[in-house]
Amino acid sequence: MIYEDLSTQYYDIVKAHALPEEVSFYQKILKNTKGTILYGMCGSGRLLIPLLQSGFDIEGLDASSYMLNRSRERAEKEGLHLVLYKQSIDGISINKKYDVIMIVGGSFQLIYPRKNAIKALQLVKCHLKEGGKLLIDIFIPWEFLYEDREKEEFRHIVKNESGEQILFTRSCIANKHKQLFISQNTYQKLIGNRVIKMEKNKMTVLWYYHHELVLLLQSIGYSKIKILKKKLGKNPELTVYEAIRSGIFC
Ligand SMILES: C[S@@+](CC[C@H](N)C(=O)[O-])C[C@H]1O[C@@H](n2cnc3c(N)ncnc32)[C@H](O)[C@@H]1O
């Protein structure tokens, strides 16, 4: 799914700032990193900007130029230099190797179909130094499994910096056997009751159970896989994993 203008504006309003517990968790995890960190699928700067402000040598990658522009704007406002790459994570090609690559904030689950997610993990491994670390997080939408809630409708209205209203509506269908839900999203910019701009997108979110993720990472060549934290953040609560690149071959 590609975030365009309105979806980026909406995301940047509702997810403007990482929670203090998230920022301090990553500050602690990353504090002994010697080289550069890459934040894959970094979005509009929610967590990237506070980590940059904390002094980490961190770069960002995202497929959406709108998200990247917003991150750049936020960094510039803080007087910070930020290196950004407009690339898809399942085709990542940067002439550099990283000490840490993080794909967090529930983003990994947006890579669809599953074979693209596997490709992303393989290519990310090739961009890590030997012994380098992947940080990845996962949530499981238990509400779709335990309750009879396979369809969900959602409506939310926010105001942007110019005082314009953005109406977000979502219709969501889950398939617990395929381990995915599909969200049909509509974003409408309103002046009074008049719609002056509309954007639609379809977001497919996959989920992975613990053993499945561990086996997947091992099969790709990651080792020492462990859970660093359960229930980080809110809506969704994320489980954060660490995996180490083993071997020298890609
Ligand atoms: C839900 S946002 C999360 C952003 C950020 N990780 C955070 O925690 O705020 C997901 C981001 O992933 C990006 N994205 C989606 N698919 C991508 C892909 N295949 N490659 C790179 N970025 C992608 C989107 O543009 C968006 O910025």
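Colleague: Over how many bridges do strand 5 and strand 11 pair?
Modeller: Before I count, please note that this is a predicted model: local features need pLDDT of at least 70, side-chain atom pairs count only at pLDDT 80 or more, and totals for chains, interfaces and linings use all residues. Residues are numbered from 1 along each chain as its sequence is written. Helices (H or I, at least four residues) and strands (E, at least two) are DSSP runs numbered from the N terminus, and two strands pair if DSSP finds at least two bridges between them. Strand 5 (residues 128-138) and strand 11 (residues 238-245) pair in the antiparallel sense, and the number of bridges is 6.

Colleague: Which residue is the bridge partner of Ile 136 in strand 11?
Modeller: Strands of a sheet pair through backbone hydrogen bonds, either parallel or antiparallel. For strand 5 and strand 11 the sense is antiparallel. On strand 11, the bridge partner of Ile 136 is Tyr 241.

Colleague: In what order do the 7 strands of the open sheet stand?
Modeller: The pairing in this open sheet is mixed. Strand 3 (84-86) and strand 10 (222-232) are its edge strands, each pairing on one side only. Reading across the 7 strands, the order is 3-2-1-4-5-11-10.

Colleague: What angle does the direction of helix 5 make with that of strand 5?
Modeller: Helix 5 (residues 114-126) packs on the sheet and touches strands 1, 4, 5, 10 and 11; here, residues are in contact if their C-beta atoms, placed from the backbone, lie within 7 Å. Axes are lines fitted to C-alpha atoms, for helices over the stretch in contact, and angles run from 0 to 180 degrees between N-to-C directions. Between the directions of helix 5 and strand 5, the angle is about 145°.

Colleague: Which residue takes a positive phi in the hairpin of strand 10 and strand 11?
Modeller: Strand 10 and strand 11 pair in the antiparallel sense over 6 bridges, with Lys 226 bridged to Glu 242 of strand 11. The hairpin has 5 residues between these strands, and the residue with a positive phi, near 80°, is Gly 233.

Colleague: Which strands stand at the edges of the sheet of 4 strands?
Modeller: This open sheet has antiparallel pairing and the order 6-7-8-9. Each edge strand has a single partner, so one side of each is left without a neighbour in the sheet; the edge strands are strand 6 (151-159) and strand 9 (194-206).

Colleague: How many of the 10 residues of helix 1 are buried?
Modeller: The buried residues of helix 1 include Leu 6, Tyr 10 and Tyr 11. Their cover includes helix 4 (65-77), strand 6, strand 7, strand 8 (180-191) and strand 9. Helix 1 (residues 5-14) is largely enclosed by the rest of the structure, because the number of its residues that are buried is 7.

Colleague: Which helix gives the most to the side of domain 1 that touches domain 2?
Modeller: The domain bounds come from an automatic or database domain assignment, which gives domain 1 (5-139 + 207-245) and domain 2 (142-206). The contact takes 14 residues from domain 1 and 15 residues from domain 2. On the domain 1 side, helix 1 and helix 5 are the elements giving two or more residues. With 7 residues, the helix that gives the most is helix 1.

Colleague: How many nonpolar residues does the shell around the ligand have?
Modeller: A residue is near a molecule or strand if its C-beta atom, placed from the backbone, lies within 6 Å of it. Of the 21 residues around the ligand, those that come nearest are Met 41, Gly 43, Ala 63, Ser 64 and Gly 105. Ala, Val, Leu, Ile, Met, Phe, Trp, Tyr, Cys and Pro count as nonpolar, Asp, Glu, Lys and Arg as charged, and the others, Gly among them, as polar. The shell has 6 polar and 4 charged residues, while the number of nonpolar residues is 11.

How values were computed: Two residues are in contact if their C-beta atoms, placed from the backbone, lie within 7 Å. A residue is buried if 20 or more other C-beta atoms lie within 10 Å of its own, exposed if 12 or fewer, and partly exposed in between; C-beta atoms are placed from the backbone.
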